[in-house]
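Biologist: I want to learn how to read a helix in a model. Please show me on an example.

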Amino acid sequence: MNVLFLGDVIGAAGCRAVEKHLPELKKKYSIDACIINGENSAEGNGITPESAKKLFAAGANVITTGNHVFRRREVYDLLDQQVGVIRPANFHKTAPGAGVYVLDMLRFQLCVINLQGQTYMEPCASPFEKIDALLKQVETKNIFVDFHAEATSEKVAMGYYLDGRVSAVIGTHTHVPTADGRILPGGTGYLTDAGMCGGKNSVLGVKKEKIIRRFIDHMPVRFEYDPEDCGINGVMVEIDANSGKTTKLTPIII
């Protein structure tokens, strides 16, 4: 089973980059399932039904999110419809939507779990305790975890915590692809951060002039996404559908 995961999509330009490159990526790697983090896929930040529709139309099967998921009120109903857009599972139980989605591809099932870290992030329940509870309910061995977290140490810790218990733990949120993609001793594919789909000559997808000015004068600034020269970051994870173990992990950088 070949699973393609694309890191945080940044704004309309990021969506266009996905629309342009995803078909060729799916063909090149014989992709069976595609997961995309779309929490910043709307202009300004957050996700809307419109930006989610673009990602699904481009070829996504499941869309994960993170700390910006509730920035747009109109996404609440979309999350509740459980059509493949999920939010971190360790948010409060009253939050709209769910943090788990089981993709049934007839030949196999793939369970996608979205978690958020606690370090330097908005308050949420322990992702470690939440994943323990969730894994007791999952019926397939093929489990993909998008861990949306700030601290690299928390991400690495989660990777080892879940080693041998899930197929892959891939980090998101920091928008910079890391060079530590590997298969852990227990057979879990791991990458600290998949990167982003957005402007390459930007600061994490935002126009560089805006962020540089903020660092200089420390004044509030309205973020604007950089629409120029967008790149694609992600990872292809090859999973043995019988064992649920990762057999190959290939970084994607366009």
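Modeller: Start with helix α2, residues 49–58, where the buried residues are Ser-51, Ala-52, Leu-55 and Ala-58. Buried means under 20% relative accessible area, exposed over 50%, and partly exposed in between (1.4 Å probe, protein chains only). Helices (H or I, at least four residues) and strands (E, at least two) are DSSP runs, numbered from the N terminus. The model is predicted: local features need pLDDT of at least 70, side-chain atom pairs count only at pLDDT 80 or more, and totals for chains, interfaces and linings use all residues. Residues are numbered from 1 along each chain as its sequence is written, and side-chain values use heavy atoms, leaving out hydrogens and water.

Biologist: What do the buried residues of α2 pack against?

Modeller: They pack against β2 (8–9), α1 (11–28), β3 (33–37), β4 (62–64) and α3 (75–81). Contact means heavy atoms within 4.5 Å. Leu-55, for one, touches residues including Val-9, Val-18, Ile-36 and Ile-63, not counting residues up to four places away in sequence.

Biologist: What comes just after α2?

Modeller: Gly-59, which takes a positive phi of about 135°.
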